[in-house]
Amino acid sequence: MTIPEPDSRTLATLSPEAALAAAQAHGATAGTLSGLAGHPDARVRSQVARHPNTPAEVLGTLAPAFPREVLHNPGLPLMRLARPGLLNLFPAEGVTALLALPEAPAWVVDGAARHEDFGVRTALAARPGLGAERVQALAADAGWQVREAVARRPDLSEPLVRQLAADDDYDVRKAVAARPDLPGDVLRTLVTDAHGFVRASVARRLDLPLDCLLTLATDDDPDVLSTLARRVDLPRNVRDWLAANEHPSVRAAALQAWTVPPEALARAEHDAEDEVRAALARRPDAPPELLVRLAGDEAEQVRRAVLERTDLPEDAVLALAHAPEQDIRLHVASAEGLSGAVLDVLLDDPDTAVRTLLAVRPDLGPERLARLAADPDPEVRRAVAYAEAPGDAVLTVLAADPNIGVRRAAARHPALSPALLPPLAADADEGVRLAAAGRGDLPEEVRERLRADPDSSVRAEVGGA
């Protein structure tokens, strides 16, 4: 009698111990191992990756997670003999994982070089220790991503640097422009490259010669000029010109340099473009009085830039508390260390969400909580009932609130005075009575009354209290 193999769904539901034993069995069949390759336990899948009977296609799916186990699988040499193009059966991520192993043998490197997926060849192009012939072949690969990876190699020969500096793809030339070993004549060629991304890459170089810097200063691409404007080694006339450039992104970038003349800062505060004033608000050396003015700026972008700071003076926080954007005011309401003046502004905020958030602040104090306990919105009043220490006077008001939800919240507050429990236990709303019934500090007469409550849930709650 032949016993059929369990299907993959059955194998995937085996206990980890049973699945591991099946995967370790010397005579495990290809079908069993294929089914176990989908088991949720990583130990089982790892064992399948080691088993010599595991099919090549299954090894390919396991290679991304278990590359070393697959590489050292004792059945792999026979599979390679039977299928010379074995790696083409593996998904790209599996081959890439094998390439990432320092001990990856030559046959893996050779297979990766012939792999049809450019992502595999890109990973190969970035692999350390490749021979010169291999690197030269990859430098002529049809995939620009592969050539870009070659252009980033630290061990690239000068002839290949020159070859890739003239590549048809701008991403390749951009990678060359960032190389620290760039010959001077190649650098000067890239300064006038047809693509702005390449010229911007050149503009980032720390070793940029002065003549190249001056050439880039006449560029008409705002991205190139913005990159240049962030440098700290600009001649004064170039720096001043960029700070007054017609493009707002360039003027904003000029404000990100380490040192900016005072007159440029003063001019930036009155710039017509929001982007420039926002950049000014992010400067670490912005004086407090400037931050106060920018916090009240008419542009949302500028106010949000001020909001990013952690060193705001009180008057700037006060200005943000008046911001028209709800989320800015919510951010202020949740901040630590607010002054009384800011809290008082937020107490009168037109948005319920702001006042609700304010109600649970631990530093609000009884007087301000009392104001919120009389808020026209019941959501705010209920939030007060969740405050840590609202005080007896506030809880007395909340326990008699006309809103059911507020009274229910008040009935659960741990600091509620026992004197307030009898009216809550007699409340017309069964939810309020239920909240009171769950308390452990009920006077016995109140407990007895609730045991006779017309609502069964209330009677059950007080019985278990």
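Predicted model: local features only at pLDDT ≥ 70, side-chain atom pairs only at ≥ 80, totals over all residues.
Which helices do the buried residues of H24 pack against? H24 covers residues 300–307. Within this helix, Val302, Arg303, Ala305, Val306 and Leu307 are buried. These buried residues pack against helix H22 (274–281) and helix H23 (288–295), and also against helix H25 (314–320) and helix H26 (326–333).

Two of these neighbours, H25 and H26, come up again at the largest pocket, where they are the elements that give two or more residues to the lining. The volume of this pocket is about 260 Å³. It is lined by 17 residues, and those closest to its centre are Leu312, Val317, Ala335, Glu336 and Leu338. H25 supplies the largest share of the lining, 3 residues. Sorted by class, the lining holds 8 nonpolar, 4 polar and 5 charged residues.

Two packed helices are described by the angle between their axes and the distance between the axes. On the H27 side, Gly340, Leu343, Asp344 and Leu347 take part, and they meet Arg368, Arg371 and Leu372 in H29. The contact of H27 with H29 comprises 3 nonpolar, 1 polar and 3 charged residues.

Helix H35 (residues 444–451) and helix H36 (residues 456–463) have axes that come within 8 Å and cross at roughly 140°. H35 and H36 are therefore oblique to each other. Arg447, Leu450 and Arg451 of H35 make the contact with Val458, Arg459 and Val462 of H36. By class, this contact has 3 nonpolar and 3 charged residues, and no polar ones.

One part of its lining consists of Arg80, Arg83, Pro84, Gly85, Leu86, Leu87 and Asn88, and the rest of Trp107, Asp110, Gly111 and Arg114. Helix H9, residues 106–113, gives the most to this lining, with 3 residues. The class counts for the second largest pocket are 4 nonpolar, 3 polar and 4 charged residues.

How many cavities of 30 Å³ or more does a search of the whole structure find? The search finds 2. The largest cavity has a volume of about 50 Å³. Around it lie Arg239, Asp240, Ala243, Ala254, Leu255, Val260, Pro261 and Ala264. Helix H19 (residues 236–243) provides the largest share of this lining, 3 residues. Of the lining residues, 6 are nonpolar and 2 are charged, with no polar residue among them.

The second largest cavity contains about 30 Å³ of space. Its lining is made up of Ala229, Leu234, Arg239, Leu242, Ala254 and Ala257. By class, the lining of the second largest cavity has 5 nonpolar residues and 1 charged residue, and no polar ones.

Key. Residues numbered from 1 in each chain as written. Heavy atoms only, no water. Buried < 20%, exposed > 50% of the residue type's maximum accessible area, 1.4 Å probe, protein only. Helix = DSSP H or I, 4+ residues; strand = E, 2+ residues; numbered from the N terminus. Contact = heavy atoms within 4.5 Å. Nonpolar A, V, L, I, M, F, W, Y, C, P; charged D, E, K, R; others polar. 1 Å grid on protein atoms, 1.4 Å probe; cavity = no way out; pocket = protein on both sides within 12 Å on 5 of 7 lines; lining within 4 Å. Points joined across faces, edges and corners; volume = space filled by probe spheres on them. Axes fitted to C-alpha atoms, helices over the stretch in contact; angles between N-to-C directions. Parallel < 35°, antiparallel > 145°, perpendicular 65-115°, else oblique.
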